[in-house]
Amino acid sequence: MRSSGRNSRGSGSGGKNYRGAGNRRDEQQQRAGRPRPEERRYDVGDGPKAGPKAGPKGGGPKAGPRGGPKAGSQGGGPRGGSQGGGPRTGGPDAGGPKAGGGRGRKPGPARPREYEAQIEERNRARHDKPRVKLPKTFGEQEGERLQKVLARAGMGSRRACEDLIDQARVEVNGKIVTEQGMRVDPEKDEIKVDGLTVATQSYLFFALNKPAGVVSTMEDPDGRQCLGDYVTNRETRLFHVGRLDTETEGIILLTNHGELAHRLTHPRYGVQKTYLAAIQGPLPRDLGKQLKSGIQLEDGYARADHFRVVQNTGKNYLVEVSLHEGRKHIVRRMLAEAGFPVDKLVRTAFGPIALGDQKSGWLRRLTNTEVGMLMREVDL
């Protein structure tokens, strides 16, 4: 009995000493300014999460790092609040640092909305400033760079156009350009490459292989097929250069360049047209001489510039006639007056523009070289 009492007192003393050692360790940590591990908290500012937060067991606000041990029904136990139901001390009203509900880095103080609005306004003003128009360099001409104008006119890439300038093949207003970067006005300056005028303006030039039965007009009040049916999708109004008989096939030019169209059809410039005519023979040897010397028609003499037999199959002859006149039915009337009515007539060339292998009814845009040759033909 005595030994058992000593054991019980010893065990009780040992338990008391254990609790005392634990309390002393807690007191040493508090004196050192460090909270116990279960009481460590972090400040997160003055946000809405800084208020009291109910604990899962005690029901009171969580204690701050310096608010002392959590109080419960059992006194100084570290987890006393879990059984006694009393509020935990050291909340935001206990004088210590305000408790936060989360962990993380401590953010800086919130900026006022007015200050944020001012920053946004400054950023917008910085990017919305109107472009400052800098003064032009002394001696700099207005207009576009020459190589850019040439490239847009279809002479090649800008690099290729710069090579044309380096090779002294480009003229502006009659003077050869030898330096890069020259500025020109496409609407006023005359630009030539290898002696041919470059159509830099907003002009369009087309060649149509007119089929037989198509009327040479842009609109026909009788509803017949006409030239306008082939260019209905063009934004710019085009008009035809000269005419072809309804039954005559071949090349006819369409453009919106009024001066060029006028000169191409004016007798003063004498632009030559070439035709192929199918007639029945036999042909006399001097037929070409008769046509060149002149055939008397009801409206005066008509002369051919050139005549030759292209093909002969029995009595069927295919002859070529070239002339610079543009009177109505001129080729048909000349051959008929000479005694050889025309069965079929095709115009194969208008000045330097040849029909080639262009199919009947096809419309193609003239190249810049072809436009230059046409302009040179009429001194433009």
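Colleague: Why is D194 called partly exposed?
Modeller: Its relative accessible area is 44%. Buried means under 20%, exposed over 50%, and partly exposed is in between (1.4 Å probe, protein chains only). So D194, at 44%, counts as partly exposed. This is a predicted model, in which local features need pLDDT of at least 70 and side-chain atom pairs pLDDT 80 or more, while totals for chains, interfaces and linings use all residues. Numbering runs from 1 along each chain as its sequence is written, and side-chain values use heavy atoms, without hydrogens and water.

Colleague: What makes D194 and R169 a salt bridge?
Modeller: The term needs a side-chain nitrogen of Lys or Arg within 4 Å of a carboxyl oxygen of Asp or Glu. Here N to O is 2.7 Å, so the pair qualifies. The two residues are 25 apart and link distant parts of the chain. D194 is in the loop between β5 (191-193) and β6 (196-197), R169 in the loop between α5 (158-166) and β2 (170-172). Helices are DSSP runs of H or I, at least four residues; strands are runs of E, at least two, both numbered from the N terminus.

Colleague: How do you know that R263 is buried?
Modeller: Its relative accessible area is 17%. That is under 20%, so R263 is buried. Its salt-bridge partner E259, at 37%, is partly exposed.

Colleague: Why are E259 and R263 separated by about one helical turn?
Modeller: Because they are 4 residues apart in helix α6 (residues 258-265).

Colleague: What makes R327 and D299 a salt bridge?
Modeller: The closest N and O atoms are 3.1 Å apart. That is within 4 Å, so the pair counts.
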